[in-house]
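My notes follow in the order in which I checked things.

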Amino acid sequence: MLPIWATTIMFWTVYAQVVTFSVSQATTMDRHMGSFQIPPASLTVFFVGSILLTVPVYDQAIVPVARKLLNNPQGFTPCQRIGVGLVFSIFAMIAAALTEIKRLSVARSHGLTDNQTAEIPLSVFWLVPQFFFVGSGEAFTYIGQLDFFLRECPRGMKTMSTGLFLSTLSLGFFVSSLLVTIVHKVTGDKKPWLADNLNQGKLYDFYWLLAILCAFNFVFYLVCAKWYVYKDKRLADAGIQLEEVDVVCH
């Protein structure tokens, strides 16, 4: 189970970036809706919105089709759910990089690159796709991880498996901090990717780096998932009847 566990850490690294640097991007953009100004941190509401949208669409539209195509009463297996979430993380970083390129282009065209506090005339809703992809990915990855660890862990180790699952969240934020530190040291002070003034940095390159890392991580995950044999099949092949009731997360 450990290879599956290790390959899910990268998703939460992406999650950490979206709730930090994306919020920083939002502070520089036009956040007005009429006379109301949207607080930058409140954009995380799109996480919740995308999850609330993804779950019913998955249950009502995707599961029936998956049952027929994959011949699986659950629709997707836990590993397949996790895989879909990892794909969404790649899309999220691609969307984030393209949005940042657009944001910097508007800042340059209006001569605002040297003004850290200036409001760039670009709607903050350009950031919605990256929030949406990460939120939808979380709906797949989180439930897939929980289902996987509860179903596949040995008897009497349910609590430990839950802790193992939750550790991927904390490790994802740790890897995020490590990547930021490494990028700061490698890119130097002259042309930093992650500058204090985002208008003079290259945040898009950092997003491209994350997209590449997520892609490599996904390839490694596919190898691990293809190699993995579920517990009920292992026991059935060994002629052992599975006594405990499998936990299924919807």
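**Notebook: annotated spans and helix packing**

I began with residues 1–16, whose end C-alpha atoms lie 24 Å apart, the span being 88% helix and 0% strand. I take helices (H or I, at least four residues) and strands (E, at least two) as DSSP runs, numbered from the N terminus. The UniProt record, an unreviewed entry, annotates residues 1–16 as "signal peptide"; positions from UniProt are in the numbering used here, with feature names shortened, and such annotations may be inferred rather than shown by experiment.

I noted the provenance before going further: this is a predicted model, in which local features need pLDDT of at least 70 and side-chain atom pairs count only at pLDDT 80 or more, while totals for chains, interfaces and linings use all residues. Residues are numbered from 1 along each chain as its sequence is written, and side-chain values use heavy atoms, with hydrogens and water left out.

**Transmembrane annotation**

The unreviewed UniProt entry places "transmembrane region" at residues 40–58, 79–98, 124–143, 164–186 and 206–224. I looked up two of these spans: residues 124–143 are 80% helix and 0% strand, with end C-alpha atoms 29 Å apart, and residues 206–224 are 100% helix and 0% strand, with end C-alpha atoms 27 Å apart.

I checked the length of helix α6 (residues 128–152): at 1.5 Å a residue its 25 residues should span 36 Å, and its end C-alpha atoms are 35 Å apart, which agrees. The expected span is 1.5 Å times one less than the number of residues. Of the 25 residues of α6, 19 are buried (under 20% relative accessible area, with exposed over 50% and partly exposed in between, for a 1.4 Å probe and protein chains only).

How do the axes of α6 and helix α7 (residues 158–187) cross? They come within 9 Å and cross at roughly 150°, the axes being lines fitted to C-alpha atoms, for helices over the stretch in contact, with angles from 0 to 180 degrees between N-to-C directions. The two helices are therefore roughly antiparallel to each other (over 145 degrees; under 35 is roughly parallel, 65 to 115 roughly perpendicular and the rest oblique). The contact, meaning heavy atoms within 4.5 Å, involves residues including Y142, F149 and L150 of α6 and K158, F165 and T168 of α7.

**Helix α8 and its partners**

I found helix α2 (residues 9–18) packed against helix α8 (residues 203–227) at an angle of about 160°, with their axes 10 Å apart. That makes α2 roughly antiparallel to α8. M10, T13, V14 and Q17 of α2 make this contact with F206, Y207, L210, L213, C214 and N217 of α8.

The axes of α7 and α8 come within 12 Å and cross at roughly 130°. That makes α7 oblique to α8. Here L179, V180 and V183 in α7 meet F206, L209, L210 and L213 in α8.

**Two residues looked up**

Is Q17 buried or exposed? Q17, in helix α2, is buried, with a relative accessible area of 0%. Not counting residues up to four places away in sequence, Q17 touches S22, S176, V180, F206, Y207 and L210.

A96 lies in helix α5 (residues 78–109) and is likewise buried, with a relative accessible area of 0%. With the same exclusion of residues up to four places away, A96 touches Q25, Q130 and Y207.
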